[in-house]
Protein chains: 2
Amino acid sequence: METIDKKPATPRQRSGKYAGKAASDRQAERREKLLAAGIKLIGSQGFASTSIDAVCAEAGLTKRYFYESFSNSEDLLVASYRAVTQEYLNSIMLATQPHMGDSRKLVRAGLEQAFGYVAKNPDKARLIMIEAMSVRSQLGRMYGKSYGEFVTLLVTFTKPFLADGGPGDTALEVMAKGAVGAIIHLCQGWIATDFKQPVEELVTGTEHIFGGMGRELGVSGWV
Amino acid sequence: METIDKKPATPRQRSGKYAGKAASDRQAERREKLLAAGIKLIGSQGFASTSIDAVCAEAGLTKRYFYESFSNSEDLLVASYRAVTQEYLNSIMLATQPHMGDSRKLVRAGLEQAFGYVAKNPDKARLIMIEAMSVRSQLGRMYGKSYGEFVTLLVTFTKPFLADGGPGDTALEVMAKGAVGAIIHLCQGWIATDFKQPVEELVTGTEHIFGGMGRELGVSGWV
DNA sequence: TATATGTGATACTACTTCGTGTCAAATATG
DNA sequence: CATATTTGACACGAAGTAGTATCACATATA
């Protein structure tokens, strides 16, 4: 019983194709479906009451494929968070692109998109602004990465308009973080009260916050 | 079998006292213990991973007494949130009391306490600034009540220093909400990164935000 | 056609937690 | 002492979920 004297017929070679698609494509497709389902469910029902089973049902897949792409539900939340944050930031960058020369127009366009996106995508907004907080273990990383990108975006936008003699870089960074916090907090309250307040009021109010910061920093056009 | 002919001996009268204390006192005492246990556990481990059993164990009581004071764990979270928020706001009011006449000193004292409290009470800060978000059903109410009090506090502080010709009341309110959001967001990031950044940097940076708002509003001493 | 692999439905185990119930010991009062 | 209430420890059922395993069927290749 020490040797195998008969090979199991023929060890067939397979390309990995199925339903006309390559294995990696099918896998990526499944991951996308799960991500979309996760965003929808977490954003609408909350992370705590979204089970893996429910996500799979929404995606039209089974648990096996969930664990193929994610190791647990927190993993899905983090992935969803990063995907939506990216989309959010991109949409803001796109909206501000035409106004890079005029700081006032830049701010207004940016804020209109920052609040407008939330109104148009309440589930996604809930996900990135509220539910993301649920993950203690990943919270630090999240702040470091995605919110950090938002802050970097703001600092990048500001620098070209900056005069000398304002606060140092450290203070500038804190101010940018604070500005991001102001927007997020206003959105959270807005979401929590079912978007009752007109978007225009939020934009205008936030514009004043940015205006004040512009004055404080000596930005041309605001002083 | 229609009449009861024999009274069950003597229907004793009891005052309700036990261990030398009145019933309502004992009950309030138990509630306090549970609240303290809840604040400690939710603040340190997070709401999601804090079970009612654990809270009872921490409080040295049993589940029966939990349900005597709270109807479920969310109820405890809401109560904890309100208690800590109250304490937080009171501590800020106390710290600013001596500087009501000088807007610059007022802002600095307020900010030092706003951030100082967080550093001194990380668990409580985590509770009110991070974990409180976990309760979808109560979120609206929270925003309406306790954060609203913070905003009101800010508007109240600002009004006496206000000149004419600034933005309207609606914008002022949005600005105040934004300012609260800036502080909260900075605290969240600070907590998430284990208080690495020096508190002085946060205070100074936030001071600039308030300074800018002061300029924008035409507050005397800031323009 | 025969075989290997991908797929989907579902079963299953292990675990946790909630909310309630039971029971004996401790304390107060007639 | 006898009785009623309060307390604490623990038991219990119901429900939900995570993660794994099983099995029949579909699809590709020699």
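**Chain A as a whole**

The structure is a predicted model, and the description begins with the make-up of a single chain. The secondary structure of chain A consists of 9 helices and 0 strands, so that, read from the N terminus on, the order of its elements is α-α-α-α-α-α-α-α-α. The radius of gyration of chain A is 23 Å, whereas a compact globule of 223 residues would have a value near 17 Å. Taken along the principal axes, the box filled by the C-alpha atoms of chain A comes to roughly 90 × 35 × 35 Å.

| Helix pair | Angle | Distance between axes |
|---|---|---|
| Helix 1 and helix 4 of chain A | about 90° | 9 Å |
| Helix 5 and helix 9 of chain A | about 140° | 10 Å |
| Helix 9 of chain A and helix 9 of chain B | about 100° | 7 Å |

**Packing within chain A**

Helix 1 of chain A spans residues 23-45 and helix 4 of chain A spans residues 73-96, and they pack at an angle of about 90°, which makes helix 1 of chain A roughly perpendicular to helix 4 of chain A. On the side of helix 1, the contact is made by Leu34(A), Leu35(A), Gly38(A), Ile39(A) and Ile42(A), while helix 4 brings residues including Leu76(A), Leu77(A), Ala79(A) and Val84(A). By class, this contact of helix 1 with helix 4 of chain A has 9 nonpolar and 2 polar residues, and no charged residues.

Helix 5 (residues 103-120) and helix 9 (residues 199-217) of chain A pack at about 140°, and that angle makes helix 5 of chain A oblique to helix 9 of chain A. The crossing of helix 5 of chain A and helix 9 of chain A is right-handed. Among the residues of helix 5 that take part are Val107(A), Leu111(A), Phe115(A) and Ala119(A), and those that they and their neighbours meet in helix 9 include Leu202(A), Val203(A), Thr206(A) and Phe210(A). The residues of this contact of helix 5 with helix 9 of chain A divide into 8 nonpolar, 4 polar and 3 charged.

**How the two chains are related**

Chain B is superposed on chain A, with an RMSD of 0.1 Å, by a rotation of 180° with 0.0 Å of shift along its axis, and that is the relation of a two-fold axis. In chain B, the C-alpha nearest the axis belongs to Gly212(B), at 1.9 Å from it. Both copies use the same surface, since 100% of the contact residues of chain B recur in chain A.

**The contact between the chains**

The contact takes 38 residues from chain B and 38 residues from chain A. On the side of chain B that touches chain A, the elements giving two or more residues are helix 7 (136-158), helix 8 (169-192) and helix 9 (199-217) of chain B, and helix 8 of chain B gives the most, with 15 residues. By class, that side of chain B has 18 nonpolar, 15 polar and 5 charged residues.

Helix 9 of chain A and helix 9 of chain B pack at about 100°, and they are therefore roughly perpendicular to each other. His208(A), Ile209(A), Gly211(A), Gly212(A), Met213(A), Arg215(A) and Glu216(A) of helix 9 of chain A make this contact with residues of helix 9 of chain B, among them His208(B), Gly212(B) and Glu216(B). The contact of helix 9 of chain A with helix 9 of chain B has 4 nonpolar, 6 polar and 4 charged residues.

Terms used: Residues are numbered from 1 along each chain as its sequence is written. Chains are lettered from A and ligands numbered from 1 in the order in which they are written. This is a predicted model: local features need pLDDT of at least 70, side-chain atom pairs count only at pLDDT 80 or more; totals for chains, interfaces and linings use all residues. Axes are lines fitted to C-alpha atoms, for helices over the stretch in contact, and angles run from 0 to 180 degrees between N-to-C directions. Helices (H or I, at least four residues) and strands (E, at least two) are DSSP runs, numbered from the N terminus. Angles under 35 degrees count as roughly parallel, over 145 as roughly antiparallel, 65 to 115 as roughly perpendicular and the rest as oblique. A crossing is left-handed if the near helix is turned anticlockwise from the far one by less than a right angle, and right-handed if clockwise. Two residues are in contact if their C-beta atoms, placed from the backbone, lie within 7 Å. Ala, Val, Leu, Ile, Met, Phe, Trp, Tyr, Cys and Pro count as nonpolar, Asp, Glu, Lys and Arg as charged, and the others, Gly among them, as polar. Copies are superposed by least squares on the C-alpha atoms of residues with pLDDT of at least 70 in both. The radius of gyration is taken over C-alpha atoms; the globule rule is 2.2 Å times the number of residues to the power 0.38.
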